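Hello,

Here is the structure I promised to pass on to you. Please open it first, and then read my notes below with the picture beside you.

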Amino acid sequence: MKGLPSLERVVVVLSRFPGIGPKSARRMAYYLLRRGQEATGELIDALEGMRAQIRSCEQCHNLSEAALCWICADPSRDRGRICVVEEPSDLLAMEKAGLGQGVYHVLGGRLSPLDGVGPDALHLASLEQRLMQGGCLELIVATNPTVEGEATAHFVAHLAQPLVARVTRLAHGLPMGGELEYLDESTLYQAMLGRRVFSLDSCD
Amino acid sequence: MRLEWLRLHDFRNVRAAELTFAPGLNRITGENGQGKSNLLEAIGLLASGRSFRRATAGQMRRWEQTAFRVSGAVHTQGWQRQLDVEGGSGRQVVRLDGKPVVSVTRMERVLVTVILTPETPQLVRGGPAERRAFLDWVIFGADRRHGIESADYQTALRSRLHLLKQGCRSEPELEVWEWSLARLGARIASRRHRAVGHLMRMLPPILEQLGVDPEQCTMRLSGDLERWFQQDVGMEEVAMQMRTALARGRERDRVTGTTSVGPQRDDLELCLSGHPVARFGSRGQQQRLAFALKLAEAAWLEELLGEPLVMLLDDPVAELDRAGAHGLMTVLSASGRQLFVASREAGEIPWPGRRSLECAVVAGAFQVSMEQAHS
Ligand SMILES: [Zn+2]
């Protein structure tokens, strides 16, 4: 690369961000250069702080800054109700929609053989352990309404049904092929209200 | 519904054009290569957000231009609605009444078209995949979920085969994909089952008008799930039977690399006097039957829409004899639909209606005239 390879490198890295094209990446890089050392230093500090502090909650695999995340550490939460989601961002969407009375279990992805993701790549063993300890009255499977999300939900339900009295699934009526993260709060709220017992034989 | 006007900008070989159309027949005439089909393509693009010639946005923009724009006003259900499609570089944008449409699969049915092209007879002549695609497209016109579920079904098919090829022995993991396949497969097969029923209900008068004896013509969907549905087995039971068949077929599917049960193996079998038309029919019979299927599709869609749709015909009489062409145009003129018919000369298209509009195309430029019927 000739000219300004160090600037080009920043542009390449920034343009990998979701929703950021090469043009915006370039504008961001110019902005940092214009603002000088201070702005760049601030960004570096913030990133390093995040890298040092953020880890996975030991219980639910949510993002956390302590051994337990703020949800698992909250004594007012209903531990009898565990909601299974694919990613921490889905958990945050549920919380934002005001659906956070229980606790969560973050799988860290979804089954997708074509991308090489099998059950071993997800936090399923720790879910099974949690359920075997008892105390869970309802497991709400809130994976995305995509074909991979449905397959994952089915796998989770199969694993959980011998261990939990009630395994439920978010109501359909969620837009097919959608992602929880991008749903508006009232849609998510309705889906939660209308959740129903998971049936392994239903075609709906 | 009808298309009132159309504006093109840097679309194919058209620099800029604005055309106002007649409610009945609109003839588009010109030598080959002048841009007749481009006009039909633009109308189809407004209706579905995609090119019926399967062209990319880059192929549809005019030479050395960065983007094209197609706009049109549709009179439907007593309202005038405006559609715009822009594309050529980056993402294609579809707007309805000025507002961007998030996804073409959720597009409202403002403009609905059925298209007959010289390739339409492939529907009868070609392989089962052509007929499955036709059926799925018909169903998609009535039920948008069908498109997403068909794509999901394909993902599940590939996922299971991938696991089998990798030698996966995890019973629960294979089972979840077979469950997905069975659940989606049963839904797809059930929609196809109902769609075929609707097409069969629409077909007899259409066949008759095209000069085919409806008594001699049979159509049936073949496939395991269809057979189960015909035995009046419920959806959940069909899904369960498919699950069982998938579990039993694992070893065979692993070896062949295909899935031996499911709607991906369906065929829409068409016979005349008991013989498959695909193999034994004449070219003329094949074309008449293919057109009849498309006209049955149009009739069913109209039943759902509650108003006539718009038909696009690209060189429809290419392989029809005089009587066939006359039969086709008689059916169409009686349908009350707005028609766009591309042909080399106006005289090739017999038209029993009184007035029609002629739009002559030369090198992407248009000359429009209203004419009284040739008597
Ligand atoms: Zn936690």
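Let me start with the zinc ion, whose donor residues follow the spacing C-x2-C-x8-C-x2-C in sequence. Of this pair-and-pair arrangement, A:Cys60 sits in the loop between strand S1 (55-56) and strand S2 (63-64) of chain A, and A:Cys72 in the loop between S2 and strand S3 (78-85), so these two tie together parts that are twelve residues apart in sequence. Helices (H or I, at least four residues) and strands (E, at least two) are DSSP runs, numbered from the N terminus.

The coordinating atoms are the SG atoms of A:Cys57, A:Cys60, A:Cys69 and A:Cys72, at 2.2 to 2.4 Å. Donors here are N, O and S atoms within 2.8 Å of the metal (3.2 Å for Na, K and Ca), and water is not among the atoms, so sites may look incomplete. The angles among the four donor atoms run from 107 to 114°, and the site is tetrahedral (four donors, all angles between 85 and 135 degrees). Both A:Cys60 and A:Cys72 are buried, meaning under 20% relative accessible area with a 1.4 Å probe, protein chains only.

A word on where this comes from: this is a predicted model, in which local features need pLDDT of at least 70 and side-chain atom pairs count only at pLDDT 80 or more, while totals for chains, interfaces and linings use all residues. Residues are numbered from 1 along each chain as its sequence is written, chains are lettered from A and ligands numbered from 1 in the order in which they are written, and side-chain values use heavy atoms, with hydrogens and water left out.

Now for chain A as a whole. There are seven helices and seven strands in chain A, and along the sequence they come in the order α-α-α-β-β-β-α-β-α-β-α-β-α-β. The C-alpha atoms fill a box of roughly 65 × 35 × 35 Å along the principal axes. Of its 204 residues, 43% count as buried.

Finally, have a look at B:Ala346. Where in chain B would you find B:Ala346? The residue lies in the loop between strand S13 (338-343) and strand S14 (355-362). B:Ala346 is buried, at 13% relative accessible area. Its partners beyond four places in sequence are B:Arg27, B:Thr29 and B:Glu358, where contact means heavy atoms within 4.5 Å. B:Gly30 is 316 residues away from B:Ala346 in sequence, yet their C-alpha atoms are 9.0 Å apart.

Enjoy exploring!

Note on methods
Tetrahedral: all angles 85-135°; square planar, octahedral: opposite > 155°, others 65-115°. Buried < 20%, exposed > 50% of the residue type's maximum accessible area, 1.4 Å probe, protein only.
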